[in-house]
Amino acid sequence: IKFFNDLMKSGGATAGIPNAGSIKLDGKNLKLSITSPNGTFTVDRLFFQIQNAGEAVQVQVRGGLTLDLRNGPLGLRRVETALRVNGTVDRQLAWSDLRVRFDNLTSNLVNLSRPTFHVTLRNRVWQLRKIQDNAPIDLLASYDQNTQLLKLSFVADGFRPQAYFTFGQKLDRYSPWLTSKLTGSGAVQYSLRTKALSYDANMRVDVSNRLVPFPLNVNAQLKGNEQLASFSRLEVKSSYGTIHFVGNLNLKNYLPDGTLRASQVYTPLGPRLSAVFSISRTASAVQARSDLVTVGRTSLHGVGISVTPGSKTIDFSVGASFDQHQAEFRSNGTVFLSRGPYVVLSIATDGMPLDRLYTLVDPQPLIAVVDTLKGLKMTSKLFVTTNLKQFSFASPQVTISDGKPTPARHISFRIAGNNRSLDLQNLVVDWRSYHVAGSIDAAYVENNRVELSSTAKVENHSY
């Protein structure tokens, strides 16, 4: 567009097609090439006819078109197509009314098979509207030569993009998304003068492709620019739950800020999660906090999450409690992205009630186990490293006790291991009237065999 704008800067009342009475011009199998600082425009196999029609001229054009751009908008580099143009143009080039059809339009961004457009020019404003097909979408594009402003708007009803166009090489990795079904409206505005981009949309998208693990529905109302996207509504629904977000997204680092509501969201533990998170963004990190998170029948209080992404690492921390007045669970860690990925994690518990932990991880807890664990609390610190294929862990001290001044039930030990072995040392169990002390070693050998060795004393008798 900038290329053609440069060519037409001398147009207007002083330019145009001379009034020479009755005139008819024909051209056959011609080739034309024009070069400017912004690129090269080439037409070959050109056939045209221009005929006088009173205050205007009738135009018929067909040929092959190639456009090579330097630093084109949105990364556009090359466009190739066969072109057919029929219509009327004012002698002074002040207005036009044309039908333009492209056959097999290809580019490094998008490809279209046979789009046809109605093109008009009024007051140096070009308008292009899609016509002559049954695709359930209305497209309107305009370009104002005075302000160098490009606009594109759409209205769709059950439109599947893959039925109308495909992505070129630059965007091919996003092709599976073209199977989505779109209903709604939106507009994009781009200034060639200032390079400023703005957009707004109110739409519903039904997504089902190989890039998402399950079908989902996205309902959004947004506006923004190249730096920030603001959502007055963003709702994602699926069989795995519903997430609703109101806020904005920084498009430089993709960190959000706003309020997120999760309703009946699937968790690996089994029970569904529901919560309202308040999300705040700083220059390099994002924090989320919820006063109450419910997972099945279990409630977590004071849940806090912090994430600090970097170029090669992601630092994170998580805190929560079963009790409103005590931080019983804390975790800090780092994901090393350059190692593909590699995770270092520490987990600390302080008086965590085991019965409530058990009901959290088991969706169908056994009543006998719940009764046995009731009153027991665990204090520990665990260190974990993993590349998501192998892992190792160590806890220098784990204490489980009923918390009484003279505990009737008390267990302590230290433990370490990896995906092939386990080492439990300094085990001490005082369970009402029984006393047990010892250690256990376990190692995976092969063929599903595990070797165990242990030393234990029960009431000072060795076993």
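This report describes a pocket, a surface patch, several salt bridges and a few individual residues in a predicted model.

## The second largest pocket

The second largest pocket has a volume of about 520 Å³, and its lining is made up of 20 residues. Of these, Leu269, Leu300, Val318, Phe329 and Leu360 lie nearest the centre of the pocket. By residue class, the lining divides into 17 nonpolar, 2 polar and 1 charged.

Several elements contribute to this lining, and at least two residues each come from strand S18 (273-281), strand S19 (286-295), strand S20 (298-309), strand S21 (313-321) and helix H2 (354-361).

## A nonpolar patch on the surface

On the surface, Ile440, Tyr444, Val450 and Leu452 form a nonpolar patch, and together these residues have about 380 Å² of accessible area. Strand S28 (434-444) and strand S29 (450-458) each supply at least two residues of the patch.

Isoleucine 440, one of the patch residues, lies in strand S28.

## Salt bridges around aspartate 103

A search of the whole structure finds 10 salt bridges. Side chains of opposite charge can pair when their charged atoms come close. In this model, arginine 84 forms a salt bridge with aspartate 103, with the closest N and O atoms 4.0 Å apart. Arginine 84 is partly exposed, at 38% relative accessibility.

Aspartate 103 also forms a salt bridge with arginine 114, where the closest N and O atoms are 3.4 Å apart. Here too the pair links distant parts of the chain: arginine 114 is in the loop between strand S6 (110-112) and strand S7 (116-122), whereas aspartate 103 is in strand S5, and the two are 11 residues apart. Arginine 114 counts as exposed because its relative accessibility is 52%, and the class begins over 50%. Arg84, Arg101, Asp103 and Arg114 are linked in a network of salt bridges.

## The pair of aspartate 138 and arginine 129

Another salt bridge joins the side chains of aspartate 138 and arginine 129, with an N to O distance of 3.0 Å. Aspartate 138 is partly exposed, with a relative accessible area of 30%, and arginine 129 is also partly exposed, at 33% relative accessibility.

## Asparagines with a positive phi

Most residues other than glycine have a negative phi. Against that background, asparagine 29 has a positive phi of about 50 degrees although it is not a glycine. Asparagine 29 is placed in strand S1 (residues 24-36), and with a relative accessible area of 55% this residue is exposed.

Asparagine 71, which is likewise not a glycine, has a positive phi of about 55 degrees. Asparagine 71 is found in the loop between strand S3 (56-69) and strand S4 (78-90), and its relative accessible area of 69% makes this residue exposed.

## Separation in sequence and in space

Threonine 259, in strand S17 (residues 256-265), is 17 residues from valine 276 in sequence and 7.2 Å from valine 276 in space. Threonine 259 counts as partly exposed at 40% relative accessibility.

Asparagine 86, found in strand S4, is 25 residues from asparagine 111 in sequence, and their C-alpha atoms are 23 Å apart in space. With a relative accessible area of 31%, asparagine 86 is partly exposed. Proline 215 lies in the loop between strand S13 (197-207) and strand S14 (216-225), and is exposed, with a relative accessible area of 55%. Between proline 215 and alanine 262, which are 47 residues apart along the chain, the C-alpha atoms are separated by 18 Å.

Conventions
Residues are numbered from 1 along each chain as its sequence is written. This is a predicted model: local features need pLDDT of at least 70, side-chain atom pairs count only at pLDDT 80 or more; totals for chains, interfaces and linings use all residues. Side-chain values use heavy atoms; hydrogens and water are left out. On a 1 Å grid over the protein atoms alone, a cavity is a set of points where a 1.4 Å probe fits but cannot get out, and a pocket is an open set with protein on both sides within 12 Å along at least five of seven lines; lining residues have an atom within 4 Å of a point. Grid points are joined across faces, edges and corners, and a volume is the space filled by probe spheres set on the points. Helices (H or I, at least four residues) and strands (E, at least two) are DSSP runs, numbered from the N terminus. Ala, Val, Leu, Ile, Met, Phe, Trp, Tyr, Cys and Pro count as nonpolar, Asp, Glu, Lys and Arg as charged, and the others, Gly among them, as polar. Patches are made of residues with over 30% relative accessible area and no salt bridge: like charges are joined within 9 Å, nonpolar side chains (Val, Leu, Ile, Met, Phe, Trp, Tyr) within 5 Å. Accessible areas come from the Shrake-Rupley method with a 1.4 Å probe; for residues, only the protein chains shown count as cover. Buried means under 20% relative accessible area, exposed over 50%, partly exposed in between (1.4 Å probe, protein chains only).
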